[in-house]
Amino acid sequence: MAKQDRAIRTRQAILMAAAQAFEKYGYQAATITEILKSADVTKGALYFHFPSKEDLALGVLDAQEPPQTVPEHSLKLQELIDLGMLFSHRLQTSLLARAGVRLSMDQQAQGLDRSGPFLRWQEATHHLLAQAKHNGELLPHVNPTETADLYVAAFAGTQAVSQTLTNYRDLQRRHITLQQHILPSIAAPSILTALDLTPAHAERLSRLAPED
């Protein structure tokens, strides 16, 4: 058991060191040597957990998984809002999440498959929108697949602007503004008035966010 715990701690230390390097330098410029030094592990230990630099990057990219701690709600559009609020908070507090976003947006990352996070976010968003459609929360013309694509693209752009201008400090506000512009065009009027987009709600949700 102690050996297993040590292996888990070693893997996490390597991931955090890789996240630090990828966030600071990007995929191409980050080096295994620097990651080894920061993690304080041997080359053998690193390659036991991650056989290549690409595997390390994919491990960091997985930190962008849609949050699993979104409270269940009778309105699936509220769950969609909460998903974005939780991830906005995570980008403000999690090195792994920030590094994952840096990698997914890094156009210099030649040979690295960066599609995973976008596809998983599209799937999670589509799932909630399809449920919302089934429950009568959406306007008749709304196509869940097209709307999911729009949501993911719009949030990717929003977080990129927030990172550049304020290092994510204003991301929650920008995310709420984004929702305020999109939701009136997709939500049934009776549903729209029941949705909670307040900063106070975002603050309550942030207490559910897991730590790295």
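**Entry 1: aspartate 196 and arginine 204**

I looked up arginine 204 and found a relative accessibility of 43%, so arginine 204 counts as partly exposed. I note here that the model is a predicted one. Aspartate 196 is also listed as partly exposed, with a relative accessible area of 22%. I then checked the pair and found a salt bridge between aspartate 196 and arginine 204, with the closest N and O atoms 3.4 Å apart. I also noted a network: Asp170, Arg173 and Arg174 are joined into one by salt bridges that share partners.

**Entry 2: the salt bridge count**

How many salt bridges does the count come to? I get six salt bridges by the rule used. As a reminder to myself, side chains of opposite charge can pair when their charged atoms come close.

**Entry 3: arginine 98**

I went to arginine 98 next and placed it in helix α6, which covers residues 95-104. Is arginine 98 buried or exposed? Its relative accessibility is 18%, and buried means under 20%, so arginine 98 counts as buried.

I listed what arginine 98 touches, leaving out residues up to four places away in sequence: Glu23, Leu91, Gln92, Thr93 and Tyr168. With glutamate 23, the side chain of arginine 98 forms a salt bridge, 3.0 Å from N to O. Glutamate 23 lies in helix α1 (residues 2-29) and arginine 98 in helix α6, so this pair ties together parts that are 75 residues apart in sequence. I checked glutamate 23 as well: at 27% relative accessibility, it counts as partly exposed.

**Entry 4: lysine 76 and glutamate 79**

I found a salt bridge between lysine 76 and glutamate 79, and here the closest N and O atoms are 2.7 Å apart. How many residues apart in helix α5 are lysine 76 and glutamate 79? They are three residues apart, so about one helical turn separates them. I looked up the accessibility of each partner. Lysine 76 is buried, with a relative accessible area of 11%. Glutamate 79 is buried too, with a relative accessible area of 9%.

**Entry 5: helices α5 and α8**

I stayed with helix α5 (residues 76-93) and looked at how it packs with helix α8 (residues 144-166). The angle is about 25° and the axes are 12 Å apart. Angles under 35 degrees count as roughly parallel, so α5 is roughly parallel to α8. The crossing of α5 past α8 is right-handed.

Which residues meet there? From α5 I wrote down Leu80, Gly84, Phe87, Ser88 and Leu91, and from α8 Tyr151, Phe155 and Gln159. Sorted by class, the contact of α5 with α8 has five nonpolar residues, three polar ones and no charged ones.

**Entry 6: helices α4 and α6**

I came back to α6 and looked at its packing with helix α4 (residues 53-61). The two pack at an angle of about 120°, and their axes are 8 Å apart. α4 and α6 are therefore oblique to each other. I noted a left-handed crossing of α4 past α6.

On the α4 side, the contact is made by Ala57, Val60 and Leu61. On the α6 side, I found Leu96, Ala99, Gly100, Leu103 and Ser104. By class, the contact of α4 with α6 has six nonpolar residues, two polar ones and no charged ones.

Methods:
Residues numbered from 1 in each chain as written. Predicted model: local features only at pLDDT ≥ 70, side-chain atom pairs only at ≥ 80, totals over all residues. Heavy atoms only, no water. Axes fitted to C-alpha atoms, helices over the stretch in contact; angles between N-to-C directions. Helix = DSSP H or I, 4+ residues; strand = E, 2+ residues; numbered from the N terminus. Parallel < 35°, antiparallel > 145°, perpendicular 65-115°, else oblique. Left-handed = near helix turned anticlockwise from the far one by under 90°. Contact = heavy atoms within 4.5 Å. Nonpolar A, V, L, I, M, F, W, Y, C, P; charged D, E, K, R; others polar. Buried < 20%, exposed > 50% of the residue type's maximum accessible area, 1.4 Å probe, protein only. Salt bridge = Lys/Arg side-chain N within 4 Å of Asp/Glu carboxyl O.
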